[in-house]
Amino acid sequence: MRIQYNAPVTLTYTFISAAFIILKEFLFIDLTSIFSVGGYGSMAITNPVTYIRLFTHVIGHGSWEHFMGNFTYILLLGPILEEKYGSKQLLNMILVTAFITGIINAIFLSSGLLGASGVVFMFILLSSIVNVQKGGIPLTFVLIVILFLGQELLSAFDKDNISQLAHVIGGICGAIFGFSIDKHNSKKIES
């Protein structure tokens, strides 16, 4: 038996993010200003790096604990989602979620945004819809919305370094992707 690179988007994303944290923690090369939105670096409209940050903030992490907390979920759910939706479509969903969470944070919040938690919540909600059937809403989706997003809404006013808004926006992206992609795919099958 040999080890297979079974989920290229999920694994490549994990390795790139791990490289960021290795550079930061062990080699003392801190690239946080490139891999963050808002409070960690300038978000000037005239600066081209600003637009890169709207996507790359999902790569950077503040610590190993932060990285491990996010990538435990990503490595658990990513291969399942990549098998269902395909690598290209999953990459597009990650990029769209990164952009939306990044732009909303840059426009509405003065705090910095760093990490993959918006993508994690997108994965969580998306995975709860994996087996959606025409005309139905899976009970797993309803419970996930109540448990995960409900907890984030309750924690929204806590004084911490956690972006509950990115979690909620990521979850909304996952729900939209799940229902719209399955609806689109079922129309293709019926034709």
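This text walks through the predicted model, from its overall make-up to single residues. Local features need pLDDT of at least 70, and side-chain atom pairs count only at pLDDT 80 or more, while totals for chains, interfaces and linings use all residues. Residues are numbered from 1 along each chain as its sequence is written, and side-chain values use heavy atoms, with hydrogens and water left out.

The protein has seven helices and zero strands. Both kinds of element are DSSP runs, numbered from the N terminus: helices are H or I with at least four residues, strands are E with at least two. The order along the sequence is α-α-α-α-α-α-α. Of the 191 residues, 42% are buried. Buried means under 20% relative accessible area, exposed means over 50%, and partly exposed lies in between, with a 1.4 Å probe and protein chains only. The protein exposes about 10,800 Å², and carbon and sulfur atoms supply 68% of that area. Accessible areas come from the Shrake-Rupley method with a 1.4 Å probe; for residues, only the protein chains shown count as cover.

Next, the contacts. A contact means heavy atoms within 4.5 Å. Among contacts in the protein with a separation of 6 or more, 74% join residues 24 or more positions apart.

The UniProt record, an unreviewed entry, annotates "transmembrane region" at residues 12–38, 58–78, 90–108, 114–132, 139–157 and 163–181. Those positions are given in the numbering used here, feature names are shortened, and annotations may be inferred rather than shown by experiment. Take residues 12–38. Their end C-alpha atoms lie 25 Å apart, and the span is 52% helix and 0% strand. For residues 58–78, the end C-alpha atoms lie 15 Å apart. That span is 71% helix and 0% strand.

Start at helix H1, residues 8–25, which holds Thr 10. Thr 10 counts as buried because its relative accessibility is 2%. Its side chain makes a polar contact of 2.8 Å with the side chain of Glu 82. A polar contact is a pair of N or O atoms within 3.5 Å; within protein, one must be able to donate a hydrogen and the other to accept it, and residues adjacent in sequence count only if both atoms are side-chain atoms. Beyond its neighbours within four places in sequence, Thr 10 is in contact with Ile 74, Leu 75, Gly 78, Pro 79, Glu 82 and Leu 90.

Thr 14 is also found in H1. With a relative accessible area of 7%, Thr 14 is buried. Not counting residues up to four places away in sequence, Thr 14 touches Phe 67, Phe 71, Ile 74 and Leu 75.

H3 bends by about 35° at Gly 78, and Pro 79 follows within four residues. The bend at a residue is the angle between axes fitted to the seven residues ending there and the seven starting there. The buried residues of H3 are Phe 67, Asn 70, Phe 71, Ile 74, Leu 77, Gly 78, Leu 81, Glu 82 and Tyr 85. Just after H3, Gly 86 takes a positive phi of about 90°.

Now go back to the loop between H1 and helix H2 (48–56), where Phe 28 lies. Phe 28 is not a glycine, yet it has a positive phi of about 60°. Phe 28 is exposed, with a relative accessible area of 70%.

At the start of H2, a side-chain oxygen of Asn 47 reaches to within 3.0 Å of the backbone nitrogen of Val 49. Thr 50, Arg 53, Leu 54 and Thr 56 are buried in H2. The buried residues of H2 pack against helix H4 (87–108). Leu 54 counts as buried because its relative accessibility is 4%. Setting aside residues up to four places away in sequence, Leu 54 touches Val 37, Met 43, Ala 98, Phe 99, Gly 102 and Ile 103. Leu 54 and Leu 113 are 59 residues apart in sequence, with 9.5 Å between their C-alpha atoms.

Finish at helix H6, residues 139–155, which holds Leu 139. Leu 139 counts as exposed, at 59% relative accessibility. Its C-alpha is separated by 8.6 Å from that of Ser 128, 11 residues apart along the chain.
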